[in-house]
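Subject: Structure handover

Hello,

Here is the structure I promised you. Please open it alongside this note, which goes through what turned up.

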Amino acid sequence: MMSVETEIRFMLNGREVALTVPVTMKTLAMLRERLDLTGTKYACGEGECGACTIEVDGRTVNSCLMYAVDCDGRQVTTIEGLRTPQALHPLQQAFVDHGAVQCGYCTPGMIMQARHLIENRPGLTREDVQRGLEGNLCRCTGYTKVLDAVQDVAAQRAAGCAGAGAD
Amino acid sequence: MTTQAIERYLAPTQLEPALVALTQPGGATVLAGGTDLAPQTEAGVRAYRAALLNIRRIEGLAGITDTGNEIRIGATTTITEVRRSPVLAEIAPVLVAAAERFASDQIRNAATLGGNLCNASPAGDMSPPLLVLDAEVELSRWRDEAVHTRRVPLAQFFLAPGKTVREPEELLTAVVFPRPGAGFTGRFRKAGPRPALEISTVSVALGARLQAGVLHEVRVAMGSVAPTPLRARHVERALEGRALDAATIAAAVEAAGEDARPIDDVRASAWYRGHLVRVFVEEVLNDVRGN
C-alpha cells in the first residue's frame, strides 16, 4: 500500500540536496537507495547495533530509525563527508594505523560515533570511549583496537590543544 | 495487522495545527524521535493512522524550565537533554541517573521524554524516576476552537503495556513535577545483562526526605514487575515516618513482594524479577542510609 510522498531539502555533507521521499522511508534507506551513499550500513534495523550511525545537527543518531522526512531543513553528515580530497579524517587514518578493522561492516558507524565523542568531550578517558561506543556493536569483537584508535586521536587532540595553549 | 496508507504528512511549527490534525477523520500518528515508532511499524505490531504528524518542529515543545515551584520538561525534550541538564542534575539527579542508563548515545539523541512515556512500556526507563518525583503529564486537545489542557498524575497515566489514558485527540505536551523539598534524595537502579541498550529486567526508583534518620514523603516506583510502571505503595507504607534502620529495611524488602507482580517472559523469569526487586529495594535503602 503506497503512502503519500513529500519533498524535503537539507544539507548533506555540506551540499544542499532536495528530493521526494515516501513519508515512512527511513533516512538509512534514503541515503543508500536514493542518494547512492552506501557507506552507512544496514545491520539490525532497530537501533541496537549502530552500523547506520550518522550525525544530524551535531548529534549522532541511528539512521535506520530516523524518518527521512525529518531530515528536512537539517544538517546531515555521513561517513562520506569526513575525508577531505587530500586526506582521510584523523579517525579514519587511526583505524587504518591500528588495524581497528576486521570485516569492516561496523567501521563507518564506529567512526561517526567516535568523531561525535571526540568533538564533544575533551579529555576522553578509556571509560568515556567505552560508554560512548555502547551503541555500536562489532560482531568480530575487535573492540580493543577500536578503543586504541579512538583514544589515540583523542590524545592527539588533547596534545594539540595543550601545545596551542602553551604558545 | 494491516498497515493503513498514510494520506497526509504534517510538520507544523505551532501547537494549534498539530492539535487540529489529531481531531481529523482517520486520526494522526505522532512522530517525535521515531525510535519506538519505526521498529514497531516495521515489525507490523503498530499501524499508522491517516496522517503522520511530526511534532519535533513545534516551537516551545522542547526544553527544561524551572518555574520556581515546578520543573517543566517539554514533550520533545530528548533524553540527551535530560541527561545533560544542569537544572535536573541539581534538582532531580534521580532522573538524570535513569537517563544515564537509557539505551545508547544515538538513541538518547533522538528519543524524547514524551515518547518514552506515551510508549507506555512496563520497562520505560523514565517512568520510575518521574513517579518518585510525583510528576504529572499535560495533555492538550483542540475543542470548541480552543486548546484545552488537563493534567494527569503519572501514577494514573498508564493503563496497560502500550496503553495510557491519553485520548487519540490528545497530545502529551509536557511533564511537570513539583520542586523537591530540602533534604530530598533519590536513587535509581536498573538491571539487565549489560548496561547499554537494555530493556530493563527490573528497575526501582526511590525518592524520600531523610530527616534526623527518619524517612518522610517516601515514594518508591518499580518498572518491569507489572503491566505498567507502578508506585510501590506497600513499600512506601513500610518506610514512611520510620527510622531508616535494619528492621525498617527488612520490612520494606518484605513489602516489595506485595507490590511486584512480575511475569515470566523472554528476558527473565517471574521468580528472578521478584528476587531482583527485593535486592534493589534493599540496595537503595542501604545506600541512602550509608550517606
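First, a word on terms: the domain bounds used below come from an automatic or database domain assignment. Please also keep in mind that this is a predicted model.

Chain B

Chain B is split into three domains: domain 1 (8-54), domain 2 (64-178) and domain 3 (185-286). It holds 12 helices and 14 strands. The radius of gyration of chain B is 19 Å, close to the 19 Å that the globule rule gives for 291 residues, so chain B is as compact as a globular protein of that length. Its C-alpha trace spans about 60 × 45 × 35 Å along the principal axes. Of the 291 residues in chain B, 50% are buried. Take the contacts in chain B between residues at least 6 apart in sequence: 65% of them join residues at least 24 apart.

Domain 2 against domain 3 in chain B

The C-alpha centres of domain 2 and domain 3 of chain B are 21 Å apart. Domain 2 of chain B puts 24 residues into the contact, and domain 3 of chain B puts in 25. Which elements give two or more residues to the domain 2 side? They are α5 (93-100), α8 (127-132) and β8 (158-160) of chain B. The largest share of that side comes from α8(B), with 5 residues. By class, the domain 2 side has 18 nonpolar, 3 polar and 3 charged residues.

Chain A

Chain A has two domains, domain 1 (5-81) and domain 2 (90-166). Their C-alpha centres lie 22 Å apart. In the contact between them, 13 residues of domain 1 of chain A meet 11 residues of domain 2 of chain A. On the domain 1 side, strand β3 (residues 53-56) of chain A gives the most, with 3 residues. That side of domain 1 of chain A has 6 nonpolar, 5 polar and 2 charged residues.

Chain A against chain B

How many residues does each chain give to the contact? Chain A gives 28 and chain B gives 26. On the chain A side, strand β4 (residues 59-62) of chain A gives the most, with 4 residues. By class, the side of chain A that touches chain B has 9 nonpolar, 12 polar and 7 charged residues.

Best wishes

Terms used. Residues numbered from 1 in each chain as written. Chains lettered and ligands numbered in written order. Predicted model: local features only at pLDDT ≥ 70, side-chain atom pairs only at ≥ 80, totals over all residues. Contact = placed C-beta atoms within 7 Å. Nonpolar A, V, L, I, M, F, W, Y, C, P; charged D, E, K, R; others polar. Rg over C-alpha atoms; globule rule 2.2 N^0.38 Å. Buried ≥ 20, exposed ≤ 12 C-beta atoms within 10 Å, placed from the backbone.
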